[in-house]
Amino acid sequence: AFINGDVAQARSVPPMDDEIDTLYNQVYSELLMLLMANPEDVERANYLLWAAHNIERFGDRVKDWITFNEPWEHAFFGYFTGEMAPGEKNPFAYFKAAHHELLGHGLGVQAMRSVRDDLNIGITLSQFPVYPFKYEASEKDMESVEFTDMFMNRFYLDPVFKGTYPE
């Protein structure tokens, strides 16, 4: 949760040693839809300015930052299954949303580091261990494991750590 450091100081609340601030959590679907609709538009710039502004304002007190919290959940349940806002059931929209979350992370890190380069900045990714159903798995079972791992894990890990999507 984002904590306004100025308010905490005004109330004499001591900062937590392990405090990590998250720029973007569950309440974001409207902004994400705007980013997806107009990826070169002002909304992307606004997020980056907001990220940099938070570092300017709190970077002297908060050293650990998370750009996005569990983007898989947001994209999957909001755009693939429709169980969360905005309630779409569209696999293409899922991949587009996931891509823009990852893009937002990368650009957000750049914007934040342009203000201060002494911060720990990351992303919180959900990871799912994937195993075959049977102890002695068939080739088809192993192909299913590979596909599931690619869809749920590597689709998010590879862009962050390799700069590319899995093939």
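**A guided reading**

Guide: Let's begin where helix H5 starts: a side-chain oxygen of Asn-90 comes to within 2.8 Å of the backbone nitrogen of Phe-92. That is a polar contact, a pair of N or O atoms within 3.5 Å; within protein, one must be able to donate a hydrogen and the other to accept it, and residues adjacent in sequence count only if both atoms are side-chain atoms. Helices (H or I, at least four residues) and strands (E, at least two) are DSSP runs, numbered from the N terminus. The model is predicted, with local features needing pLDDT of at least 70 and side-chain atom pairs counting only at pLDDT 80 or more, while totals for chains, interfaces and linings use all residues. Residues are numbered from 1 along each chain as its sequence is written, and side-chain values use heavy atoms, leaving out hydrogens and water.

Visitor: How many residues does helix H5 have, and what span does it reach?

Guide: The expected span of a helix is 1.5 Å times one less than its number of residues. H5 covers residues 91-115, which is 25 residues, and reaches 36 Å from its first C-alpha to its last, close to the 36 Å expected.

Visitor: Is Phe-151 buried or exposed?

Guide: Buried means under 20% relative accessible area, exposed over 50%, and partly exposed in between (1.4 Å probe, protein chains only). Phe-151 counts as buried because its relative accessibility is 17%. This residue lies in helix H6 (residues 139-161).

Visitor: Which residues is Phe-151 in contact with?

Guide: Contact means heavy atoms within 4.5 Å. Leaving aside neighbours within four places in sequence, Phe-151 is in contact with Trp-72, Phe-76, Phe-80, Tyr-94, Phe-95 and Tyr-156. Take Phe-95: it is 56 residues from Phe-151 in sequence, and the two are 10.0 Å apart in space, C-alpha to C-alpha.

Visitor: What is a nonpolar core, and how many residues does the largest one have here?

Guide: It is a set of buried Ala, Val, Leu, Ile, Met, Phe, Trp, Tyr and Cys residues joined through side-chain atoms within 4.5 Å. The largest has 17 residues, and Trp-72, Ala-75, Tyr-94, Phe-151, Phe-155 and Tyr-156 have the most contacts inside it. Helix H4 (71-80), H5 and H6 each supply at least two residues of this core, with H5 giving the largest share, five residues. There is also a second, separate core of nine residues, including Phe-58, Val-109, Met-112 and Leu-119.

Visitor: How many residues of H4 are buried?

Guide: H4 is mostly covered, with eight of its ten residues buried. Among them are Trp-72, Glu-73, His-74 and Ala-75. Just after H4, Gly-82 takes a positive phi of about 75°.

Visitor: How many salt bridges are there?

Guide: A salt bridge is a side-chain nitrogen of Lys or Arg within 4 Å of a carboxyl oxygen of Asp or Glu. The count comes to seven. One joins the side chains of Lys-63 and Asp-118 (3.5 Å, N to O). This pair links distant parts of the chain, 55 residues apart: Lys-63 is in the loop between helix H3 (42-58) and strand S2 (64-69), Asp-118 in the loop between H5 and strand S3 (120-124).

Visitor: Which residues are linked in a network of salt bridges?

Guide: The network links Glu-146, Asp-149, Arg-154, Asp-158 and Lys-162. An α-helix has 3.6 residues a turn, so residues three or four places apart point the same way. Arg-154 and Asp-158 are both in helix H6, four residues apart, about one turn, and their closest N and O atoms are 3.8 Å apart. Asp-158 also bridges to Lys-162, at 4.0 Å. Asp-158 is buried at 9%, whereas Lys-162 is exposed at 61%.
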